[in-house]
Amino acid sequence: MSNPESFIDEVTEEVRRDRLFRLMRRYGWIAVVLVLLIVGGAAWNEWRKAETTAASRAFGDALMAALEAPDAAARRAAVAAVPAEGSRAALRDLMLASDPAGDRATALAALERVAADATLAPSYRDLAVLRRVILAGTELPLAERRAALDGIAAPGRPYRTLALEQIAYLDIEAGEPAKAIETLRSLAQDQEATEGLRRRAEQMITALGGGTQAG
């Protein structure tokens with residue numbers, strides 16, 4: 001006679017197996033869908049990466065081709081005609097505004113577009129603000145230039161030190177050399193400032209009669 005406990009174990013195991021099969025028949029499609037979603041999502045992500053890379057390469061190639069135009073006017077027209085959106089459009093507009101032979105009004109308009117686009121990263125917008133202030137010069141009221149620079153001179157902004165340098169120049173323009181010297185001295189000791197910027201700050205301090213401070 002077989003062991004009753006062994007018989008009960010076999011029956012229990014059979015019941016469990018039968019229940020598992022029923023669950024698989026009822027809900028197995030969910031597992032299949034989940035697997036398909038995971039695999040499909042990974043494939044879609046790779047496709048998007050490849051598409052982004054291809055689009056970036058095509059954009060770069062189009063800009064390089066535009067820069068090979070025979071003269072300055074043709075180059076500007078070709079660059080402006082390169083189709084772009086978002087950060088690529090910002091790069092295109094910044095390139096247009098950097099052309100030394102370009103039209104000032106066109107360059108300022110391009111910089112204003114970038115600076116006003118709230119969807120762009122601060123690195124694009126702040127650079128456009130800085131370039132616009134420098135390019136416009138006295139065409140913009142001093143107070144407007146100062147307000148624009150104050151907005152990008154805050155700690156953590158990507159072009160903070162360059163904005164502070166321009167603010168010092170505005171202080172000189174406003175007839176406040178002592179204030180300019182104070183800003184320039186802080187820049188001369190600022191670890192975030194480039195070596196070239198620190199050197200310019202020291203030279204300007206000397207030119208303003210401020211001498212140098214021992215660090």
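Q: Which residues in α8 do Thr161, Leu164, Glu165, Ala168, Asp171 and Ile172 in α7 meet?
A: In this predicted model, the α7 side of the contact is made by Thr161, Leu164, Glu165, Ala168, Asp171 and Ile172. By class, the contact of α7 with α8 has seven nonpolar, two polar and three charged residues. The residues that α8 brings to this contact are Pro177, Lys179, Ala180, Thr183, Leu184 and Leu187.

Q: Is α7 roughly parallel or roughly antiparallel to α8?
A: Two packed helices are described by the angle between their axes and the distance between the axes. For helix α7, residues 160–173, and helix α8, residues 177–188, the axes are 7 Å apart and the packing angle is about 160 degrees. Since angles over 145 degrees count as roughly antiparallel, the orientation of α7 relative to α8 is roughly antiparallel.

Q: What is the handedness of the crossing where α8 passes α9?
A: The axes of α8 and α9 come within 8 Å and cross at roughly 145 degrees. The crossing of α7 and α8 is left-handed, and where α8 passes α9 the crossing is described as left-handed.

Q: How many nonpolar residues does the contact of α8 with α9 have?
A: From α8, the residues Ile181, Leu184, Arg185, Leu187 and Ala188 take part, and they meet Leu197, Arg198, Ala201, Glu202, Met204 and Ile205 in α9. By class, this contact of α8 with α9 has no polar residues and three charged ones, while the number of nonpolar residues is eight.

Q: Is Ala201 buried or exposed?
A: Ala201 lies in helix α9 and, leaving aside residues up to four places away in sequence, touches Leu184, Leu187 and Ala188. A residue counts as buried when its relative accessible area is under 20%. Because the relative accessibility of Ala201 is 2%, Ala201 counts as buried.

Q: How far apart in space are Ala201 and Ala180, C-alpha to C-alpha?
A: Ala180 is one of the α8 residues that meet α7, whereas Ala201 lies in helix α9. Along the sequence Ala201 and Ala180 are 21 residues apart, and in space their C-alpha to C-alpha distance is 9.9 Å.

Q: Which residues does Gln166 touch, not counting residues up to four places away in sequence?
A: Gln166 lies in helix α7. With a relative accessible area of 17%, Gln166 is buried. Once residues up to four places away in sequence are set aside, the residues that Gln166 touches are Leu130, Ile134 and Leu149.

Q: Which element gives the most residues to the largest nonpolar core?
A: Of the 33 residues in the largest nonpolar core, Leu111, Ala128, Leu149 and Ile152 touch the most other members. The elements that each give two or more residues to this core are α3 (86–97), α4 (104–116), α5 (122–136), α6 (142–152), α7, α8 and α9 (195–207). With six residues, the element that gives the most is α5.

Q: What percentage of the residues in the protein is buried?
A: The protein has nine helices and zero strands. Among its contacts between residues at least 6 apart in sequence, 48% join residues at least 24 apart. Of the 215 residues in the protein, the buried ones make up 27%.

Conventions
Residues numbered from 1 in each chain as written. Predicted model: local features only at pLDDT ≥ 70, side-chain atom pairs only at ≥ 80, totals over all residues. Heavy atoms only, no water. Axes fitted to C-alpha atoms, helices over the stretch in contact; angles between N-to-C directions. Helix = DSSP H or I, 4+ residues; strand = E, 2+ residues; numbered from the N terminus. Parallel < 35°, antiparallel > 145°, perpendicular 65-115°, else oblique. Left-handed = near helix turned anticlockwise from the far one by under 90°. Contact = heavy atoms within 4.5 Å. Nonpolar A, V, L, I, M, F, W, Y, C, P; charged D, E, K, R; others polar. Core = buried A, V, L, I, M, F, W, Y, C linked by side-chain atoms within 4.5 Å. Buried < 20%, exposed > 50% of the residue type's maximum accessible area, 1.4 Å probe, protein only.
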